[in-house]
Amino acid sequence: MDGRIALVTGATGGLAKAVAAGLAREGAAVVVIGRNYARAQEAVQDIRARVPAATLEPLACDVSLQSSVQAAADQVRARYGRLDVLVNAAGVFRKERHVTAEGLELTFATNVMSYFLFSNLLLDALKKAAASAGSARIVNVTSRYGNTRLAFDDLQTAKGKYSYLRSTPPTMLARVLLTQELAERLRGTGVVANAVHPGLVRNTGLLKDVGGPFRWITNRFGKTAEQAADTPLWLATAAETAAVTGKLWAQRKELPTPGMGSDVEARHRLWAECSRLAGWDGVHK
């Protein structure tokens with residue numbers, strides 16, 4: 001990865017920080033995204049303590065805000081011009097429903113729209129890297145989604161009683177669908193897109209708000225962040241995954257995408273809705 005540029009969202013802790021450290025260890029220059037500069041800088045210092053030779057740049061971005069994502073993407077393009085690896089790993093689990101200053105429900109804005117926006121806004125930089133290096137990669141961290149379906153009349157969980165069990169699983173399915181759509185749109189460009197299910201990750205900050213039995217089970221039986229980072233790093237760096245695209249992975253093995261996860265119409269509809277919420281015309285990039 002010497003000479004390659006990578007960006008990791010949510011990289012101030014847990015799995016994403018372990019992925020950023022792994023990319024740095026492989027020689028990539030890594031842009032470390034944090035909600036604010038202080039948190040991003042702290043993560044950089046932590047990673048450098050593990051990887052003294054790391055090339056790291058902290059970058060502040062509130063990924064729940066489209067304006068902040070736009071500003072971060074603009075900075076990356078202006079600073080580097082190219083991007084070899086984009087790892088979308090930021091996410092939230094919230095006990096109560098929150099609305100951002102831009103009017104979107106926080107979980108959907110963070111877990112879905114930030115993935116959609118970063119991937120689209122940095123496509124030119126990714127294509128430029130692929131043209132010179134042979135490939136560029138988008139890795140979307142997600143989860144197995146079970147029997148979950150997207151309620152297209154209520155994507156932002158505005159109806160009925162809100163809970164993270166209602167709001168979060170559909171966003172994992174949405175990430176899979178967005179990955180598949182990206183893969184189709186990018187065929188022939190050298191840019192590949194894959195989704196990865198890392199499994200339960202011990203001591204994750206994602207569950208601080210919800211707590212309870214789920215957090216206890218995760219801390220008791222989950223992997224370390226470094227263990228969970230193996231497959232995302234493999235997708236981001238390995239020669240054998242340079243041409244693989246549109247798949248869901250766990251433990252370096254392809255997973256099926258049952259139910260709505262294989263619904264082409266659903267992914268087209270989701271893409272169109274994300275485009276609408278972004279204020280685009282539905283055919284961006």
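A: On a 1 Å grid over the protein atoms alone, a cavity is a set of points where a 1.4 Å probe fits but cannot get out, and lining residues have an atom within 4 Å of a point. This is a predicted model, where local features need pLDDT of at least 70, side-chain atom pairs count only at pLDDT 80 or more, and totals for chains, interfaces and linings use all residues. Residues are numbered from 1 along each chain as its sequence is written, and side-chain values use heavy atoms, with hydrogens and water left out.

Q: Which residues line the second largest cavity?

A: Its lining is made up of Tyr115, Phe116, Ser119, Asn120, Asn140, Leu178, Leu182 and Trp271. Two or more of the lining residues come from each of α4 (106–121) and α6 (164–185), helices being DSSP runs of H or I with at least four residues, and strands runs of E with at least two, numbered from the N terminus. The most come from α4, with 4 residues.

Q: What is the volume of that second largest cavity?

A: About 40 Å³, where a volume is the space filled by probe spheres set on the points, and grid points are joined across faces, edges and corners.

Q: New topic: where does Ser64 lie?

A: Ser64 is in the loop between β3 (55–60) and α3 (66–80).

Q: Which residues does Ser64 touch?

A: Not counting residues up to four places away in sequence, Ser64 touches Thr100, Glu102, Leu106, Ala109 and Thr110, contact meaning heavy atoms within 4.5 Å.

Notes:
On a 1 Å grid over the protein atoms alone, a cavity is a set of points where a 1.4 Å probe fits but cannot get out, and a pocket is an open set with protein on both sides within 12 Å along at least five of seven lines; lining residues have an atom within 4 Å of a point.
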